[in-house]
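Here's a quick briefing to read with the model open beside you. Take the topics in any order once you're past the first one.

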Amino acid sequence: MADPTLQQLLREPRMLLAFGFGSGLSPVVPGTMGTLVGLPAIWLLALLPLPIALVVIALAAILGVYLCEYSSRQLGVHDHKGIVWDEFVGVWITFLAVPLTWPAVVAGFVIFRFFDMVKPWPICVADRKVHGGFGIMFDDLLAGLAALGTMQTLIYFSIL
């Protein structure tokens, strides 16, 4: 089952989550589609006090390690392009303590996708050397942290 169908995902809730409710099935840029589907949750996370939002994101990351590992094993492919739960968590990290204006949301989306796709150091090292469900999640967690740092810098200098 290297390329599951939506019907197969609907029968397997763990894979449905790993594939971002089906967004990872997109034939073009599944990571970007997964990021778009995960984006609305930032408004819900923004309603929470920051410590609670951090706990929610940490729990989502822990769940993600399991979901990504399980899905990879089921598919027989490490880090299948359709597994996008890691993009969900990465983009949620990007927007921690960020005022959710439309310019900030667009900037954060683009900045996160940049770090996730280009994978500058040390993200590229993590992507190559860390494997399994944790490895699938870890490079996106780093991309989210890099994007968060960039967003906070832009806010600090009143660019956003």
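Let's start with a helix pair: α6 and α9 pack with their axes 7 Å apart, at an angle of about 20°. That angle is under 35 degrees, so α6 counts as roughly parallel to α9. Keep in mind that this is a predicted model.

**More on α6 and α9**

- The crossing of α6 past α9 is right-handed.
- On the α6 side, the residues that meet α9 are Trp85, Asp86, Glu87, Val89, Gly90, Ile93 and Thr94.
- Their partners in α9 are Ile136, Met137, Asp140, Leu141, Gly144, Leu145, Ala147, Leu148 and Met151.

**α5 against α9**

- The α5 and α9 axes come within 7 Å and cross at roughly 130°.
- From α5, the contact uses Ala61, Gly64, Val65, Cys68, Glu69 and Ser72.
- From α9, Gly132, Gly133, Phe134, Ile136, Met137 and Leu141 take part.

**The largest nonpolar core**

- As background, nonpolar side chains tend to be buried together in soluble globular proteins.
- Here the largest nonpolar core has 45 residues, and the members touching the most others are Trp85, Val89, Trp92 and Phe95.
- Two or more core residues come from each of α2 (13-18), α4, α5 (50-75), α6, α7, α8 (123-129) and α9 (132-156).
- Helix α9 gives the most to this core, with nine residues.
- Zoom in on Trp85 and, leaving aside residues up to four places away in sequence, you'll find it touching Leu17, Ala18, Ala60, Leu63, Gly64, Leu67, Trp92 and Met137.

**Helix α3 and Thr32**

- Buried residues in α3 (residues 30-38) are Pro30, Gly31, Thr32, Gly34, Thr35 and Gly38.
- Those buried α3 residues pack against α4 (41-46), α6 (85-94) and α7 (102-118).
- The side chains of Thr32 and Arg113 are joined by a polar contact of 3.1 Å.
- Beyond residues up to four places away in sequence, Thr32 touches Phe109, Arg113 and Met117.

**Two exposed residues to look at**

- Val28 lies in the loop between α2 and α3.
- With 53% relative accessibility, Val28 counts as exposed, because the cut-off for exposed is over 50%.
- How far apart are Val28 and Met117 in sequence and in space? They are separated by 89 residues in sequence and by 14 Å in space, C-alpha to C-alpha.
- Ile62 belongs to helix α5, and at 58% relative accessibility it counts as exposed.
- Ile62 and Phe134 are 72 residues apart in sequence, with 8.5 Å between them in space, C-alpha to C-alpha.

Notes
Residues are numbered from 1 along each chain as its sequence is written. This is a predicted model: local features need pLDDT of at least 70, side-chain atom pairs count only at pLDDT 80 or more; totals for chains, interfaces and linings use all residues. Side-chain values use heavy atoms; hydrogens and water are left out. Buried means under 20% relative accessible area, exposed over 50%, partly exposed in between (1.4 Å probe, protein chains only). Helices (H or I, at least four residues) and strands (E, at least two) are DSSP runs, numbered from the N terminus. Contact means heavy atoms within 4.5 Å. A nonpolar core is a set of buried Ala, Val, Leu, Ile, Met, Phe, Trp, Tyr and Cys residues joined through side-chain atoms within 4.5 Å. A polar contact is a pair of N or O atoms within 3.5 Å; within protein, one must be able to donate a hydrogen and the other to accept it, and residues adjacent in sequence count only if both atoms are side-chain atoms. Axes are lines fitted to C-alpha atoms, for helices over the stretch in contact, and angles run from 0 to 180 degrees between N-to-C directions. Angles under 35 degrees count as roughly parallel, over 145 as roughly antiparallel, 65 to 115 as roughly perpendicular and the rest as oblique. A crossing is left-handed if the near helix is turned anticlockwise from the far one by less than a right angle, and right-handed if clockwise.
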